[in-house]
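Let us walk through this structure step by step. Keep the sequence and the 3D view side by side.

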Amino acid sequence: MSESFIPTLQKCALQIQELLKATPTHYLDSTNASGDQQLGVDVKADCLIEKELLDLEFVCGICSEEKSEAILRDQGTFLVAYDPLDGSSIIDANLSVGSIFGFYAGAFAADKLIGAAYIIYGPRLEIVFASTTLIRYTYHRGKWEQAPLSMLQKKGKINAPGGTQKHWSPSHKKLIDSLFDEGYRLRYSGGMVPDLHHILIKGGGLFSYPQTSDSPKGKLRKLFEVFPFAFIYEKAGGAAIDGKRRLLELEIQSLHESTPCFFGSVSEIQKVKESYE
Ligand code: AHM
Ligand code: MG
């Protein structure tokens, strides 16, 4: 089962944390399949995770945000889609960043997702892993320890609204404003991993990255960012939709496809549904 990936995630977390300390945050001349300019550290983290995953005999294929094509082979059962280093644009500001993983049985498709995980590189190194259960690990005094992680409450207090505001639709702006009017507080770092981890740890809220006039299909990619977090949020008792549909019911046409996305507690997601009807 996907639990077999946990030791590899722990190994990657420690190696990438060292990489982040040692590697300058300069851009390369290359871009990835989504057209984002790559940092040296994006490429190094990608190679490191690729090597660790392909060392596992039960892995039959991988694809990443930094690779234009998947790598497939005849042995193994599980496919892994990953974002080796999410939040490249905030690394130079020394904010927390993360790595995101989705584990699939048979095909890179939402209904084949059997587990998901993220690593967060912050003042502490942590992993959140979801399969049939949800587990949080913290690296403390040289070893990985399980840490408490509560289920999301029905309603939270955090509002994390992504996307350039001048490109939001009027109805999206109304939705976001209505949460602030209700007393929600703004928490948005520009890193999906710390922003969604924050909501999870504080018990609820809303993270949104909507369709905008300059990005009609949103920014965040289904395989590398959206499906894994949708899986984790559902396991935590929350919900995740594209405005109307459950994210984990969306089809996928290409590896790097993006979608508008909303993750949160059930009450906030119900509000999103009503406003996007
Ligand atoms: P990246 O994969 O190039 O780092 O981009 C993804 C990041 C997410 O972590 C974050 O939620 C989003 O981009 C922030 O975008 P914006 O700067 O438009 O708010
Ligand atoms: Mg990313």
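Is Cys12 buried or exposed? Cys12 is buried, at 1% relative accessibility. Buried means under 20% relative accessible area, exposed over 50%, and partly exposed in between (1.4 Å probe, protein chains only). Cys261 is buried too, at 0%.

A word on the basis. This is a predicted model, in which local features need pLDDT of at least 70, side-chain atom pairs count only at pLDDT 80 or more, and totals for chains, interfaces and linings use all residues. Residues are numbered from 1 along each chain as its sequence is written, chains are lettered from A and ligands numbered from 1 in the order in which they are written, and side-chain values use heavy atoms, without hydrogens and water.

How many disulfides does a search of the whole structure find? It finds 0. A disulfide is a pair of cysteine sulfur atoms within 2.5 Å. For Cys12, the closest cysteine sulfur is in Cys47, 12 Å away, so a bond is ruled out by distance. For Cys261, the closest is in Cys63, at 17 Å, again too far for a bond.

Now turn to a sheet. Its 5 strands are ordered β12-β11-β13-β15-β14, in an open sheet with mixed pairing. Strands are DSSP runs (E, at least two residues), and helices are too (H or I, at least four), numbered from the N terminus. Two strands pair if DSSP finds at least two bridges between them. The edge strands, β12 (185–186) and β14 (239–241), each pair on one side only. Strands β11 (residues 158–161) and β13 (residues 205–209) run parallel, joined by 4 bridges. Ala160 has Phe207 of β13 as its bridge partner.
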